[in-house]
Amino acid sequence: MNCTMEKSKIQMLYDACNDVFSQKELPTFQQIQWLKSILNIFEAADVGIDEFSLDGSPSSSPKITNGLISGQGVSEITYIHIYECDNFSVSRSCSVVYSCTYMGIFCFPAGRTLPLHDHPGMTVLSKLLYGSVYVKAYDWVRGENNSPRTNGLAGTVINGVFNAPCEPSVLFPRSGGNIHSFTALTPCAILDVLSPPYSDDFERPSTYFFDFPIPSLRGYALLEERELKLPYDLVVNGAPYVGPPLDVGQDLC
């Protein structure tokens, strides 16, 4: 990478994640604040999305106009994969125990929901790039068993609407709303950084849940694993990443 050139925001995020998530220890508070401060400056155009344009009717294949994906032009939840590697990913999937990361963007049309799902053993940072989204999030009421859970009592952490621009959110293995769902109130997009990624081999499966609020115990619900690994009505399409390229070489500035 040419160190005399100004780094793109996505390159800054990549470099910071590479520093933080390549270590074997969990990120410190200061490191998480550093990552949040970088995420906080992102706008949709920084990752190749035009949040305003709509060229024709929304479709399952997002339109690319003037080098940008039309954020208003998706008819289903659309995932844009940015990067993943042995150290970390801005998306999903890896096979190394400690340092893996995943970077990606979920684009939502209004009215679509990403159902309640968990992030076992993971740290996840999210930035709402544009639009409005309703978020519901829980954490398990702690027990002695540290392995991933599929049912039990959970406490509500978030139950509200987020409107862009807003600060990035962060969830941890046991706090921050590790089990959450998103419902798009308007077209919106969420940039995710996740480490380590999901892995059945390392007991980090992706699990979807039903929640049953307890009327007599306000703020708590019983969570139950869905019978199907993926809800039958969940449609997630893919789209290419067209934002600034990443330099992932070993000799970073």
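The following legends describe close-up views of a predicted model. Local features need pLDDT of at least 70 and side-chain atom pairs count only at pLDDT 80 or more, while totals for chains, interfaces and linings use all residues. Residues are numbered from 1 along each chain as its sequence is written, and side-chain values use heavy atoms, with hydrogens and water left out.

**View 1. Helix α1 comprises residues 9-21.** Helices (H or I, at least four residues) and strands (E, at least two) are DSSP runs, numbered from the N terminus. The expected span of a helix is 1.5 Å times one less than its number of residues. For the 13 residues of α1 this gives 18 Å, in agreement with end C-alpha atoms that are 18 Å apart. Ten of the 13 residues are buried, so α1 is largely enclosed by the rest of the structure. Buried means under 20% relative accessible area, exposed over 50%, and partly exposed in between (1.4 Å probe, protein chains only). Among the buried residues of α1 are I10, L13, Y14, V20 and F21.

**View 2. Strands β1, β3 and β2 form an open sheet in that order, with mixed pairing.** Two strands pair if DSSP finds at least two bridges between them. The edge strands, β1 (49-50) and β2 (64-65), each pair on one side only. Strand β3 (residues 68-70) runs antiparallel to β2, and two bridges join them. I64 stands opposite I69 in β3.

**View 3. Strand β6 (residues 101-108) is largely enclosed by the rest of the structure, because eight of its eight residues are buried.** T101, M103, I105 and C107 point one way from β6, and Y102, G104, F106 and F108 point the other way. Seven bridges pair β6 with strand β13 (residues 188-195) in the antiparallel sense. D192 in β13 is the bridge partner of G104.

**View 4. S195 is found in strand β13.** This residue is buried, with a relative accessible area of 5%. Leaving aside neighbours within four places in sequence, S195 is in contact (heavy atoms within 4.5 Å) with F21, C100, T101, M122 and T123.

**View 5. V141, L217 and Y220 form a nonpolar patch on the surface.** Together they have about 220 Å² of accessible area, calculated by the Shrake-Rupley method with a 1.4 Å probe; for residues, only the protein chains shown count as cover. Patches are made of residues with over 30% relative accessible area and no salt bridge, with like charges joined within 9 Å and nonpolar side chains (Val, Leu, Ile, Met, Phe, Trp, Tyr) within 5 Å. A salt bridge is a side-chain nitrogen of Lys or Arg within 4 Å of a carboxyl oxygen of Asp or Glu. L217 lies in the loop between β14 (209-213) and β15 (220-225), and L217 is partly exposed, with a relative accessible area of 37%.
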